[in-house]
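Here is a short note to read beside the model. Please keep the structure open as you go.

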Amino acid sequence: MKEAIAALVGELDKSQHFSIEQLRNIQESQLANIVKYHAQRSTHFAARLTAQGLTPNSIISLTNLKRLKPIGKKDIQQAGDNFNIKDVPQAHHPIGKAESSGSTGQPVTINKSNLCNLFWNAHTVRDHQWYNRDYTGKLTSIRATNRNHIKADNWGGPVHMLYGTGPGQGLPVFMDIQEQLKYLEEFQPNILIVHAGVLAGMVTEWERTGYTLTELKHLKNIGDTLHDDTRQRFQALSGLTIEDNYSSSEVGCIAIQCPEGGLFHTMAENLIVEVINEDGTDCQPGEVGRVVITDLFNAAAPVIRYDIGDYAEVGHACTCGRHLPTLKRILGRERGLFKRPDGSRFWPSGRSEERRVG
């Protein structure tokens, strides 16, 4: 696994600078493979094609892929275990399970092949590399998967496996904020990984009692939509810019915020990330639409044109020199979307700010 992650990290370092045409060719080549694979092995996907009058050869280009109607969380729930592949080739083992958080009100469980985990690990390293985080530093991670307070002599995961790291600390999301802050102040991390919802509560407490993380150099948001209000308030306290990313348990890392340009680069090497209007057409830069994702390497389930339940704004080309496609903003789940009498829509931030959709 160590050698495979290191090799993929090296490949990703090169591919982020490929031309748009090169990236498109890579996507279409793998799209043809995964579509034909699932058409042969997935009764669910084969029936989906037949019901729409399509064949595998009908949707092996990025343009023609749009002929296939997106599939949503409700569709996957109704399919149950029939959605997953029963006879995954041994080369794609071990098979894991991804369970969505259910924040849309529609939790789903999807099988994931080993290549999905490989890409997730490589993108974790890519994220650290983009931000030049010091692996010898102290890291605290506040996650839903942490069941109690953990102290370790390393960060764990792919970074420690490849490079070695400084000490690590894990805290549960559900821990009382006062207790979380006590552990943070005692440990004084250089890097903090935290959900935006938890961070918002911490920011409120720091504004009341004073900011205490004197050694912090990097704060990375995970899991939650990060509102501009939280960004601004945290920066006023710490002088730091929050480092954001966009991911889901079903498909892994979707996009990483660019440290130079501020846009979110999508992980085009293993995902096709579409943002579409209500009529199914592509959104243009500056437009907001639904996020639809195709996983090009999951041999355990046909995650093809999956409407993940989020809205995002398409970005322009980034100034950083990376040619990976961009999103400007991730606005959040449809469940949090409000509609005015005039038809315009927005996500309320909980303070004065609103995010308009149109």
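The points below cover aromatic rings and charges over rings.

1. This is a predicted model: local features need pLDDT of at least 70, side-chain atom pairs count only at pLDDT 80 or more, and totals for chains, interfaces and linings use all residues. Residues are numbered from 1 along each chain as its sequence is written, and side-chain values use heavy atoms, with hydrogens and water left out.

2. The structure holds six aromatic pairs. Rings of Phe, Tyr and Trp (its six-membered ring) pair if their centres lie within 6.5 Å; planes under 30 degrees apart count as stacked, over 60 as edge-to-face and the rest as tilted.

3. Take Phe-119 and Phe-297. Their ring centres are 4.9 Å apart and their planes stand at 40°, so this pair is tilted. Phe-119 lies in helix 6 (residues 114-130) and Phe-297 in the loop between strand 12 (288-295) and strand 13 (306-314), so the pair ties together parts 178 residues apart in sequence. Helices (H or I, at least four residues) and strands (E, at least two) are DSSP runs, numbered from the N terminus.

4. Phe-119 is buried, at 7% relative accessible area. Phe-297 also counts as buried, at 18%. Buried means under 20% relative accessible area, exposed over 50%, partly exposed in between (1.4 Å probe, protein chains only).

5. Trp-206 and Tyr-211 have ring centres 5.1 Å apart and planes at 75°, so they are edge-to-face. Trp-206 is buried, at 3%, whereas Tyr-211 is partly exposed, at 23%.

6. The charged end of Lys-182 sits over the ring of Tyr-183, 4.2 Å from its centre. The rule: NZ of Lys or CZ of Arg is within 6 Å of the ring centre and within 35 degrees of the ring normal.
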